[in-house]
Amino acid sequence: MQIRVLGCSGGIGKGLRTTSLLIDDDILIDCGTGVGDLTMDELVKIRHIFITHTHLDHLASLPLLVDTVFDHLNGEPIKLHLLPESLKTLDEHLFNWKLWPDFFVLPEAGSAVMQPCVMEPGKIAKIRGREIEMIPVEHAVPAVGYRVTSESGKTFAFSGDSCENDTFWEGLNKHSRLDILFVECAYADHDKTLSKLARHYCPESLSADMKKLTHQPEVYITHLKPGDEAEILLELQAAMPDRNPKALNTGDSFQL
Ligand SMILES: [Zn+2]
Ligand SMILES: [Zn+2]
């Protein structure tokens with residue numbers, strides 16, 4: 001199983017892309033601006049999108065993706081895996097014919113380009129040998145992370161956007177293995193007050209929560225605020241040197 005980081009920044013700007021991970025050639029986790037770098041051949045192979053939550057930096061490319069590929073799917077719709085609350089938000093506020101056409105019914109009812117697959121936390125989707133488990137986190141809107149197991153049994157997990165919680169860490173601890181962890185830390189400690197309002201981690205809160213994790217995975221930090229990347233990394237390395245946290249970068253690739 002291959003993981004390609006299409007985007008992992010907390011913002012935009014030259015060289016920066018917002019959150020999206022491509023698993024092999026057919027599964028996306030989140031659909032941020034990084035998806036726009038894929039070729040047409042790569043775009044039309046996507047058949048599953050797992051959404052962490054409905055903030056725009058994780059969804060910005062979704063309306064444009066479905067509009068681009070709808071007549072290239074050979075009758076196999078893109079399955080959108082998400083919380084029921086997230087589906088309601090997309091129905092009411094995005095695919096509502098005002099902000100964008102409703103691709104849950106287009107191009108024709110009965111053969112729509114997107115098919116919603118509502119998931120409950122704790123449930124596992126099995127897709128051609130790979131298993132993707134939804135794990136709840138804490139954020140400003142209903143949000144989840146995912147734990148992904150490869151055909152060979154290796155595992156990575158992605159927090160999505162989160163602040164202090166027990167559910168994500170307990171969800172990872174109940175399994176015997178975790179090889180790689182992508183976890184967000186959006187703000188530096190000088191923005192601690194803002195991080196609490198926006199319901200994101202800062203180094204102080206993330207390093208405290210990481211004490212709950214019983215595994216020793218490779219740790220990569222995502223969602224860094226543009227301009228503060230180096231400061232956040234230095235604070236994290238000082239707060240949890242035993243974890244050796246590194247920045248995740250757009251273009252990174254992992255084989256599991
Ligand atoms: Zn968010
Ligand atoms: Zn975000």
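Strands β2 (residues 20-23) and β3 (residues 27-29) pair in the antiparallel sense over three bridges, where pairing requires at least two bridges found by DSSP. Helices (H or I, at least four residues) and strands (E, at least two) are DSSP runs, numbered from the N terminus.

This is a predicted model, in which local features need pLDDT of at least 70 and side-chain atom pairs count only at pLDDT 80 or more, while totals for chains, interfaces and linings use all residues. Residues are numbered from 1 along each chain as its sequence is written, and side-chain values use heavy atoms, with hydrogens and water left out.

**The sheet and the helices across it**

- Seven strands form an open sheet with mixed pairing, in the order β6-β5-β4-β3-β2-β1-β14.
- At its edges are β6 (114-118) and β14 (253-255), each of which pairs on one side only.
- On average, neighbouring strands of this sheet are turned by 20° against each other, direction ignored; axes are lines fitted to C-alpha atoms, for helices over the stretch in contact, and angles run from 0 to 180 degrees between N-to-C directions.
- Helix α2 (residues 62-69) lies across β3, β4 (48-50), β5 (78-82) and β6, and runs at about 160° to β5.
- Helix α3 (residues 84-93) lies across β5 and β6, at about 120° to β5.

- Ile-232, Leu-233 and Leu-236 of helix α7 (residues 229-239) are buried, meaning under 20% relative accessible area, with exposed being over 50% and partly exposed in between (1.4 Å probe, protein chains only).
- These three cover an arc of only 95° around the axis, so they sit on the same side of α7; the arc is that of the directions from the helix axis to the C-beta atoms.
- Ala-230, Leu-234 and Ala-238, on the other side of α7, are exposed.
- The cover over the buried residues of α7 includes α6, β12 (218-222) and β13 (246-247).

**Helix α6 and its partner**

- Helices α6 and α7 pack at an angle of about 35°, and their axes are 9 Å apart.
- Pro-203, Leu-206 and Ser-207 of α6 make the contact with Ile-232, Glu-235, Leu-236 and Ala-239 of α7, contact being heavy atoms within 4.5 Å.
- Asp-209 also belongs to helix α6 (residues 203-210).
- Asp-209 counts as buried because its relative accessibility is 4%.
- Leaving aside residues up to four places away in sequence, Asp-209 touches Cys-163, Glu-164, Asn-165, Trp-169 and Tyr-201.

Terms used. Chains lettered and ligands numbered in written order.
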